[in-house]
Amino acid sequence: MKLKLHAYNLVLKHTFTISRESRNTQTSLVVELSDGQHSGFGETTTNPYYKITMESLKEIISSNETMICSLSNETPINFWKTLYPLFKNNLFALCALDNAYNDLYTKKIGKKLVDYWGLKTDNNPKTDFTIGIDTVDKMVAKMKELPWPIYKIKLGTKNDIEIVTELRKHSNAIFRIDANCGWTAEETIANSFKLKELGVEFLEQPLPAGDIDGAKKVFKNSALPIIADESCIVESDVEKCVGLFHGINVKLSKCGGLTPGKRMLEKAKTLGLKTMVGCMTESTVGISAIAHLLPLLDYVDMDGSLLLKEDIATGISIKDGVITYSNLNGTGVSLL
């Protein structure tokens with residue numbers, strides 16, 4: 001098995017702003033694993049919040065190349081298990097490797113990954129489309145640019161209720177709110193009642209991840225369900241969310257890839273938590289990986305490729321929130 005790294009600077013259609021940062025580009029690393037006949041692709045992104053840089057990604061993958069390439073006959077589960085001790089401090093890198101190996105392995109056996117897992121796709125959820133923080137006029141313009149059945153609206157400003165009130169005048173779509181740790185417990189509870197009246201479905205990570213007392217208070221008093229994001233990073237976090245959140249949003253880059261991500265979703269279901277997977281503004285490489293988890297999800301946020309000026313790959317396609325799988329096996333990805 002051979003390893004190749006592809007670095008990209010993905011240009012966004014619009015400046016993307018959340019409560020803690022703004023950006024016009026997203027740096028992305030695609031791992032390619034090849035057996036000479038088939039290639040598997042996996043993607044991860046850099047992230048200042050989690051201190052992930054392109055240099056750190058390339059360094060840890062390259063320094064373990066011999067070990068990685070020696071695992072060509074392993075199952076995806078054993079591939080991940082063997083590499084985890086080496087990558088436990090950089091799960092973003094492990095995500096790219098794990099997703100690439102899942103893609104390669106299932107291409108080699110002639111199956112789509114979702115079929116290899118034995119999952120049924122009849123009731124897959126639709127993806128939302130994200131509207132980043134901006135002036136109200138620009139947020140409305142973004143909605144009109146791409147009419148969509150479900151919008152995920154980034155908040156964390158001093159005028160959040162006013163923003164959603166104005167957006168509601170221009171759309172009957174389902175609204176989901178992501179404050180990216182930007183609110184206090186008191187703000188969240190008060191906002192939840194107003195936002196419920198405005199047709200909001202749930203609130204994602206309104207409080208900083210470390211505010212456990214606040215999370216308990218919000219869980220007990222919020223008018224809307226609360227979904228964990230920054231509070232649910234790795235597998236051991238899932239059980240901790242019981243009694244603090246109504247559901248979890250799994251990010252593959254944060255948890256280390258499809259292999260642990262699938263286990264997190266299955267664990268959440270046994271605990272009565274709602275399940276969601278989100279994206280990190282990946283290209284169609286990363287978004288296509290997410291698609292194979294859809295049968296395990298109540299909600300999904302996999303619009304990353306739709307936010308780009310130009311994509312770098314083909315794979316799944318999305319229209320009006322509905323995801324269509326590629327005809328290719330594996331995760332269905334080919335680089336352009």
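This is a predicted model: local features need pLDDT of at least 70, side-chain atom pairs count only at pLDDT 80 or more; totals for chains, interfaces and linings use all residues.
Me: Start with α7. Which residues are buried there?
Reply: Helix α7 covers residues 160-168, and Asp 160, Ile 161, Ile 163, Val 164, Leu 167 and Arg 168 are buried. Buried means under 20% relative accessible area, exposed over 50%, partly exposed in between (1.4 Å probe, protein chains only). Helices (H or I, at least four residues) and strands (E, at least two) are DSSP runs, numbered from the N terminus.

Me: Where do they fall, seen down the axis of α7?
Reply: The buried residues fall within an arc of 160°, so they line one face of the helix. The arc is that of the directions from the helix axis to the C-beta atoms.

Me: What does that set pack against?
Reply: The buried residues of α7 pack against α6 (136-145), β5 (150-154), β6 (174-178), α8 (185-197) and β7 (200-204). Contact means heavy atoms within 4.5 Å.

Me: New topic. At what angle do α1 and α4 pack?
Reply: Helix α1 (residues 54-63) and helix α4 (residues 91-108) pack at about 60°, with their axes 9 Å apart. Axes are lines fitted to C-alpha atoms, for helices over the stretch in contact, and angles run from 0 to 180 degrees between N-to-C directions.

Me: Which residues meet there?
Reply: Leu 57, Ile 60 and Ile 61 in α1 meet Phe 92, Ala 93 and Leu 97 in α4.

Me: Is Asn 102 buried or exposed?
Reply: Asn 102 is in helix α4 and is buried, with a relative accessible area of 1%. Leaving aside neighbours within four places in sequence, Asn 102 is in contact with Pro 76, Leu 113, Trp 117, Leu 258 and Thr 259.

Me: And where is Thr 46?
Reply: Thr 46 lies in the loop between β3 (39-45) and α1. At 13% relative accessibility, Thr 46 counts as buried. Not counting residues up to four places away in sequence, Thr 46 touches several residues, including Gln 26 and Leu 57.

Me: Last one: where is Pro 208?
Reply: Pro 208 is in the loop between β7 and α9 (212-221). Pro 208 is partly exposed, at 38% relative accessible area. Pro 208 and Glu 230 are 22 residues apart in sequence and 7.8 Å apart in space, C-alpha to C-alpha.

Technical notes
Residues are numbered from 1 along each chain as its sequence is written. Side-chain values use heavy atoms; hydrogens and water are left out.
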